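Please examine the sequence and the structure shown here. A short report on the model is requested.

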Amino acid sequence: MITIILTSYNKARFLPDAINSVFAQSYPDWQLIIVDDKSTDGSYKVAKELAKMDKRIKLVKTDLDSDHIAIKLNRYNHNVNYAMNYAKGDLISYLCDDDWYVPDRLQRMYEFLKDHPEISCCYGKQGMVDE
């Protein structure tokens, strides 16, 4: 299984594309953990509706107070680590809320790592939004 960690903060308009890109994966054995970082634009509601569509999705809210860590990068790191508490996969992949995966990303990553056990990390192609 591959666990995908998606952190989200105020990207409600892009979130469906990110999540739908996970639904479109050719590799079927995945788990998606979405960590909402106290969005104020309806992102949590969007994620909640999409999460109802598939039992492989786990939606959680950050455990940080709004002022706990002021620097966004540190919040991102914390939320990724927080999501690891729910991870069930042998492999971990990351997806930002305003990016998306190409349909064979997980399959290609899995096959590459399976064929190259000496390698512990790889990165695959994904689309990115340029606001």
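## Model and overall architecture

The structure is a predicted model. Its chain contains four helices and six strands.

The chain has 131 residues, and buried residues make up 42% of them. Among contacts with a separation of 6 or more, 74% are between residues 24 or more positions apart. The chain has an accessible surface of about 7600 Å². Carbon and sulfur atoms account for 52% of that surface.

Arg75 is part of helix α3, which spans residues 72-83. Is Arg75 buried or exposed? Arg75 is buried, because its relative accessible area of 7% falls under the 20% cut-off.

Along the sequence, Arg75 and Asp37 are separated by 38 residues. In space, their C-alpha atoms are 8.0 Å apart. The side chains of Arg75 and Asp37 are joined by a polar contact of 2.6 Å.

Strand β1, made up of residues 2-8, includes Ser8. With a relative accessibility of 2%, Ser8 is also under the 20% limit and therefore counts as buried.

Which residues does Ser8 touch, not counting those up to four places away in sequence? They are Leu15, Val35, Asp36, Asp37, Ser39, Ser43 and Asp97.

## The largest pocket

The largest pocket has a volume of about 250 Å³. It is lined by 16 residues, and the closest to its centre are Ile92, Ser93, Tyr94, Met109 and Cys122. Two or more lining residues come from each of the elements β4 (91-96) and α4 (105-115).

Which element gives the most to the lining of the largest pocket? That element is β4, with six residues. In terms of residue class, the lining of the largest pocket comprises twelve nonpolar residues, three polar residues and one charged residue.

How values were computed. Residues numbered from 1 in each chain as written. Predicted model: local features only at pLDDT ≥ 70, side-chain atom pairs only at ≥ 80, totals over all residues. Heavy atoms only, no water. Buried < 20%, exposed > 50% of the residue type's maximum accessible area, 1.4 Å probe, protein only. Polar contact = N/O pair within 3.5 Å; in protein donor to acceptor, adjacent residues only side chain to side chain. 1 Å grid on protein atoms, 1.4 Å probe; cavity = no way out; pocket = protein on both sides within 12 Å on 5 of 7 lines; lining within 4 Å. Points joined across faces, edges and corners; volume = space filled by probe spheres on them. Nonpolar A, V, L, I, M, F, W, Y, C, P; charged D, E, K, R; others polar. Contact = heavy atoms within 4.5 Å. Areas by Shrake-Rupley, 256 points an atom, 1.4 Å probe, with all protein chains shown as cover.
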